[in-house]
Amino acid sequence: MRSPIFITMLIIMFALAGCGGQTVSSEFETINESLIVGSADSGAPMGMPPAAAERGMADAATAQEIGAPLPSGERLVIKNGSLSLQVEQVSEVEAHIRTLAEQQGGYIVSISTSGSEENLSSSITLRVPENRFDETLTAIEGLALKIFSRSVSGDDVTEEFVDLESRLRTLEATQDRLLELLTRAEDVEAALQVNYALRDIQSEIEQIMGRMKYLQQSAAMSTLFVDLRPVPPPPTIVEEGQWQPLRVAQTALRDLVIFGQGLLNFGIVLLIWSPLWLPLLLIVRWGWGRLRSRPRKAPAAKATAGTPTGQGE
């Protein structure tokens, strides 16, 4: 499926090819003659600056180099790998992976670390040539005490690359045809229309070339993600800093002092308020004594009144 810009360019191209250059009006004759003279002197197509013409030819040559067809049966695959490892010394293994990436003709993309000392962990992203991907993966696995996870994936972009090749060839052919029409344009309007068409075609060619270059580079250099984790320390009976008997004794003594201060404060408050509560306490105590003494006398009086005279003797 062709883009709208491409269809528009084809319409302009065939319209110019069928109609040829039209006779310019009198007001454009002077401009047209100057353009023809400039074109004859520079050797560039009419209406197109020499630098622009050379750039167009250079872009076409670069496109042919980047868009070279894939050999028969060859696939364009972007490889990615991921490893999660447990290692004895994270910093040492990290340095070793740096060296290994350079030896394999690759490079480190990013490194992020977290924690410190025994709890240090690291995440590394590196890129190596596709033909040394498996070798690098095996070498990094050999640095681990334990492999938590391992994954390898591939993204086949052959179909997309072939489609881009086809579009690039078509655009290049269109560009060549427009350049030819530009040399045969007989008026300014026709030259300007062809120039506009060439500009859009070259922009689309550059986009396709950029995408093809990205796919080729991604397939040539595989990406590997490595997660390094330290060996967990052995469990301890008493964690350092967890049991502090001196602090416990200090806390208990502080609580005792606070309790004693509370009692003393309470006694001071009672002493100051004694003129109020002491008389009340004495009255309550006197009344309570009176109440307790009455029930004892009443039964004794009843017992004396109910005893017969004879029995008493």
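Mentor: Happy to! Let's begin with a term: two strands pair if DSSP finds at least two bridges between them. Please keep in mind that this is a predicted model, with an average pLDDT of 75 for the chain and 68% of the residues scoring at least 70.

Our part is strand β3, residues 121-129. Of its 9 residues, 8 are buried, so the strand is largely enclosed by the rest of the structure. On one side of the story is strand β2, residues 107-114, which runs antiparallel to β3 and is joined to it by 7 bridges. You can find serine 114 opposite serine 121 of β3. Together β2 and β3 make a hairpin, with 6 residues between the two strands. Look at glycine 115 in that turn: its phi is positive, about 80°.

Next comes strand β5, residues 221-230, also antiparallel to β3 and connected with it through 8 bridges. Here serine 123 has aspartate 227 in β5 as its bridge partner.

Now turn to threonine 136, which belongs to helix α5, residues 133-141. Threonine 136 is buried, its relative accessible area being 0%. Leaving aside residues up to four places away in sequence, threonine 136 touches Leu100, Gln104, Leu126, Val128 and Leu224.

One last stop is arginine 229, whose charged end sits over the ring of phenylalanine 148, 5.0 Å from the centre of that ring. As for aromatic pairs, a search of the whole structure finds 0.

Terms used
Residues numbered from 1 in each chain as written. Predicted model: local features only at pLDDT ≥ 70, side-chain atom pairs only at ≥ 80, totals over all residues. Heavy atoms only, no water. pLDDT = per-residue confidence, 0-100. Phe/Tyr/Trp six-rings, centres within 6.5 Å; stacked < 30°, edge-to-face > 60°. Lys NZ or Arg CZ within 6 Å of the ring centre and 35° of its normal. Helix = DSSP H or I, 4+ residues; strand = E, 2+ residues; numbered from the N terminus. Buried < 20%, exposed > 50% of the residue type's maximum accessible area, 1.4 Å probe, protein only. Contact = heavy atoms within 4.5 Å.
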